[in-house]
Amino acid sequence: YDFASGRVLPTVYERTTAAALHHGAVNLGQGFPDRDGPRWLTDAAAEAITDPDVGPTNQYAPGTGLPVLRAAVADAHRARYGVELDPVDQVMITTGATEGITAAILAFAEPGSEVLTFEPHYDSYGACAALAGAELIGVPLRGPDFRPDVEALEAAVTERTSLILLNTPHNPTGTVFSAEELRRIVDIARRHGLRIMCDEVYEHLVFEDAAHQHQTILAVPGADEVAVAVGSAGKSFSVTGWKVGWVTGSARLLNQVRGVKQFLSFSSGPAYQWAVAQGLRDDHGFFAANVAELAAGRDLLRAGLADVGLRPHRAEAGYFVVADIREITDLPGPAFCDLLVRRAGVAAIPVSALTIQHRASLDDELQHLVRFAFCKDPATLEEAVRRLRTHL
Ligand code: PMP
Ligand code: GLN
């Protein structure tokens, strides 16, 4: 959305998917799995809708979410991260992680203030900062490792800064922030009186060869004074259409986020919430199997990209691999993606579209990086690789 002109522009994901359809391309643009989550989970949602014994699941859920799901999220935090949360006032269910992110930004970004994030970043951060009347300021993540430069982050803090937006594991680079990096960022926030929203939607999608396993920011001592974390059932269970997410944190901060969330969606689908609660209680081995499948897809795609001279970076987590295109073209990322979808029949997203105001003037490597999604069936990835080999 261009606030100045009032024009509504489709998001980069929608544009890429439309172009893929138009050109009959393999769509490695928008990040959604082409295989649904496990059958027992979708069965649970169906059961929740039709079985009266489950309870009322076809009318408004409580605004903060079904108690059974809040309890399951709290239990999962204890089991996975050793973090204690009160399910009554330290867990709030949202309509996808997207709503949690929106509500947190609107709650914490003061009008006229600056909001810091690492670039590239998830596209809704910039739009939500603008909705809050704040300005998003980017600190670049640099290859080849895309580790967060914590000193550069602190150097970007001004007296106008109100909020830091983190995303770990990171879309699109796959970087998993270390416990030490998170500790230092929490320390910055505490010293400068800032809030943190930490987007952890890929928490369950970390590969075994990652430099670090995921740790929620809430496990950092003292983080609960400044930070809330956001999670997504869509990402965790490969059901992105369900739009169930959660925000966790201290009762004081969550109360502020809740004050905004109640006027966004008010509440969201109870049947999906009930099913997700079952999945968090017992994933039937899904998380491990999903990570193994995603890692195989990543390896297949990375090898194919390397073969045609698109230099893939490491992807430690999530759905995406970013590749440097400079070896085979002088074109900037957006023009190359345009060519790729037309000539090779493969859709991908220029990483510059995930930077502040889609900066065309980025002088550095972000301009020459392209994001490919590997959360696809092996046959789909093989077809994409075949097309790249034939047409590039
Ligand atoms: N944050 C990041 C980093 C994402 O990649 C996405 C997209 N899946 C979201 C948030 C949105 O999550 P949800 O679909 O649960 O709203
Ligand atoms: N999170 C997905 C991605 O990064 C897409 C989400 C969307 O389409 N808004 O590709």
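I take helices, of at least four residues, and strands, of at least two, as DSSP runs numbered from the N terminus. With that settled, I looked up the elements of this predicted model and noted 13 helices and 13 strands in the protein. I then checked the overall form: the radius of gyration is 20 Å, close to the 21 Å that the globule rule gives for 392 residues, so the protein is as compact as a globular protein of that length. The C-alpha trace spans about 55 × 55 × 45 Å along the principal axes.

Next I turned to confidence, and found a mean pLDDT of 95 for the protein, with 97% of its residues at 70 or more; for the complex, the predictor gives an ipTM of 0.97 and a pTM of 0.96.

I followed one sheet in detail, an open one of four antiparallel strands in the order β9-β10-β13-β12. Its edges are β9 (311–312) and β12 (349–350), each of which pairs on one side only. Between β10 (residues 320–324) and β13 (residues 369–373) I found five bridges in the antiparallel sense, and in this pairing D324 stands opposite L369 of β13.

Last, I asked myself which residues are around ligand 2. They are T11, Y13, Q30, G31 and N171, and I sorted this shell into one nonpolar residue, four polar ones and no charged ones.

Key. Residues are numbered from 1 along each chain as its sequence is written. Chains are lettered from A and ligands numbered from 1 in the order in which they are written. This is a predicted model: local features need pLDDT of at least 70, side-chain atom pairs count only at pLDDT 80 or more; totals for chains, interfaces and linings use all residues. The radius of gyration is taken over C-alpha atoms; the globule rule is 2.2 Å times the number of residues to the power 0.38. A residue is near a molecule or strand if its C-beta atom, placed from the backbone, lies within 6 Å of it. Ala, Val, Leu, Ile, Met, Phe, Trp, Tyr, Cys and Pro count as nonpolar, Asp, Glu, Lys and Arg as charged, and the others, Gly among them, as polar. pLDDT is the predictor's confidence in each residue, from 0 to 100. Two strands pair if DSSP finds at least two bridges between them.
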